[in-house]
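Thanks for asking me to look this over.

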Amino acid sequence: MATHVWADEALDDAIPAVFWSDRPDHRATAPSLHGVHHADLAVVGGGFTGLWTAILAVEEQPGMEVVVVESQRCGFGASSRNGGFCDASLTHGLQNGLSHWPDDIQVLLRMGIENLNAIEETIDRHSIEADFRRTAEISVATERWHLDELAEALETHRSVGANVDLLDQSAIRAKISSPTYLGALARHDEIALVDPARLCWGLASVAERLGVRIFEETQVRGISRGQSRVTLRTDDGVIHADRAIIATNAYRGPTRSPRRYIIPVYDHVLMTEPLNSAQLDSIGWSDREGLGDVSNQFHYYRMSDDNRILWGGYDAIYHFNNGLGSEYDQNQGTHATLARHFFETFPQLEGLRFTHRWGGPIATTTRFTPAWGRSHGGNVVWVGGYTGLGVGASRFGGQVAVDLVLGRETERTELEMVRKKPFPFPPEPMRWMGVQLTRKSIQRADRKQGRRNTWLRVLDRFGVGFDS
Ligand SMILES: Cc1cc2nc3c(=O)[nH]c(=O)nc-3n(C[C@H](O)[C@H](O)[C@H](O)COP(=O)(O)OP(=O)(O)OC[C@H]3O[C@@H](n4cnc5c(N)ncnc54)[C@H](O)[C@@H]3O)c2cc1C
């Protein structure tokens with residue numbers, strides 16, 4: 001049978017739900033907000049950024065009154081829908097960091113490792129059960145031109161002292177059995193895999209134990225500035241706070257200014273049923289590394305603690321006018337493409353079924369790294385735009401937001417990445433047209449051995465782009 005036939009059949013019973021949060025031990029919902037409340041710091045958004053922000057603020061200043069307000073339930077957004085790759089990189093990869101901030105790169109690399117270590121330390125200290133595992137990340141070449149890219153990446157990583165090595169075709173196939181693999185680059189020490197929903201719920205519980213008040217199913221509709229405080233308005237209440245941090249990432253938060261810099265981009269994921277021991281034997285992968293391929297339109301994949309394979313990526317879809325909503329979570333075409341690519345990579349798994357399919361909004365900026373900004377006389381700070389590498393970087397994003405909102409000058413706030421905003425996206429309809437042109441150019445580059453057309457070269461020259 002042709003691959004696409006069994007790939008389509010494998011999707012037949014997949015439910016349209018996020019695997020990570022589709023579990024009976026889902027965190028109980030916190031109360032919603034009614035009436036008038038007071039706080040030192042109000043955090044809008046209960047994803048990784050908002051929860052880390054709250055935890056870091058109260059750990060630093062015990063007794064500080066912090067509230068987190070989440071429009072759905074903590075982890076509703078990207079934070080429970082992702083692949084769970086918790087990368088040390090704060091710059092959406094080394095190459096992107098080097099091209100934007102060559103002078104800061106050593107500091108950014110050190111801070112990235114410190115950030116990853118601190119995440120691990122917090123998880124251990126609070127006994128958060130989130131299947132957090134340090135491992136390697138392996139980028140596999142599936143086209144001849146990818147091998148040159150890997151050789152270049154090896155040099156770049158070694159030039160900054162990273163622990164990387166190349167695997168030739170037989171070495172990578174001996175490790176993980178796929179007829180598509182031609183070679184690989186392994187990055188050690190800089191990544192962990194995690195169950196993102198359990199991490200999010202664990203962080204919410206830690207925050208509450210530290211005294212943070214969490215309100216769920218409460219949307220912040222607006223923020224206004226008083227004499228020295230800010231007022232956050234919800235449908236059935238208000239919070240008067242000294243300061244606020246907006247951690248709504250891809251979602252339309254209560255402040256306008258991030259919308260020029262951050263756009264939502266949909267990424268889609270499949271999860272298989274658990275593999276049996278014969279299926280596991282047929283692929284190897286006994287060290288359970290995080291995997292990805294080298295194309296511009298790349299897949300990322302990993303195993304769960306119950307031996308499923310999560311398989312995501314490839315398409316990155318922008319909907320006109322920052323389109324966002326549950327109607328975009330499911331995408332028949334993209335899920336079918338992902339399923340077909342899965343079985344092209346692992347044809348020996350014919351007959352395996354997918355149990356879950358979902359999607360979610362990644363927030364991207366033109367430089368693929370987060371942006372920070374202030375509003376309301378400096379009493380409100382917003383942060384977001386991690387693109388596809390926010391599981392780890394969101395803790396750093398929150399930490400910088402705390403520095404900024406408290407008016408502290410630190411090594412972090414001195415970074416050019418923090419001080420300077422990315423190039424803004426143009427207004428519609430240019431925004432949509434620019435993104436489509438860039439996507440088409442990227443697809444063409446993948447078909448033409450990575451050769452970038454004039455449009456992509458112009459974007460490269462100005463240090464801007466579109467990615468997931
Ligand atoms: C499919 C997918 C795969 C990904 N894979 C990876 C990966 O493997 N590794 C990686 O590093 N990154 C990955 N990412 C990116 C990563 O998940 C995000 O960068 C990270 O979770 C961002 O966290 P956040 O808290 O800033 O945003 P979110 O988790 O989106 O949280 C924002 C929260 O704000 C709430 N909110 C919005 N508006 C309001 C309002 N007005 N009032 C109150 N609350 C509001 C939302 O409900 C939401 O819960 C992936 C993302 C997606 C979508």
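1. Helices α13 and α14 cross in a left-handed way (left-handed when the near helix is turned anticlockwise from the far one by less than a right angle, right-handed when clockwise). Here helices are DSSP runs of H or I with at least four residues and strands are runs of E with at least two, numbered from the N terminus. This is a predicted model, in which local features need pLDDT of at least 70 and side-chain atom pairs count only at pLDDT 80 or more, while totals for chains, interfaces and linings use all residues. Residue numbers start from 1 along each chain as its sequence is written.

2. Now the geometry of that pair. Residues 430-447 form α13 and residues 454-462 form α14; their axes are 9 Å apart and the packing angle is about 110° (axes are lines fitted to C-alpha atoms, for helices over the stretch in contact, with angles from 0 to 180 degrees between N-to-C directions). That makes α13 roughly perpendicular to α14 (65 to 115 degrees; under 35 counts as roughly parallel, over 145 as roughly antiparallel, the rest as oblique).

3. Which residues in α13 meet α14? They are Leu-437, Thr-438, Ser-441 and Ala-445, facing Trp-455, Leu-456 and Leu-459 in α14 (contact means C-beta atoms, placed from the backbone, within 7 Å). This contact divides into 5 nonpolar, 2 polar and no charged residues (Ala, Val, Leu, Ile, Met, Phe, Trp, Tyr, Cys and Pro are nonpolar, Asp, Glu, Lys and Arg charged, the others, Gly among them, polar).

4. The peptide bond joining Glu-428 to Pro-429 is cis, with omega about 5°.

5. The contact of α2 with α8 has 10 nonpolar residues, no polar and no charged.

6. On to the ligand: 45 residues surround it, and the closest are Gly-45, Gly-47, Gly-77, Gly-83 and Gly-390 (near means a C-beta atom, placed from the backbone, within 6 Å). The shell has 18 nonpolar, 23 polar and 4 charged residues. Among the elements that each supply at least two shell residues are α2 (48-60) and β15 (354-364).

7. Why does the ligand lie between two domains? Domain 1 (1-29 + 263-273 + 308-364) and domain 2 (35-85 + 197-261 + 368-419) both give residues to the shell, so the ligand lies between them (domain bounds come from an automatic or database domain assignment).

Note on methods
Contact = placed C-beta atoms within 7 Å.
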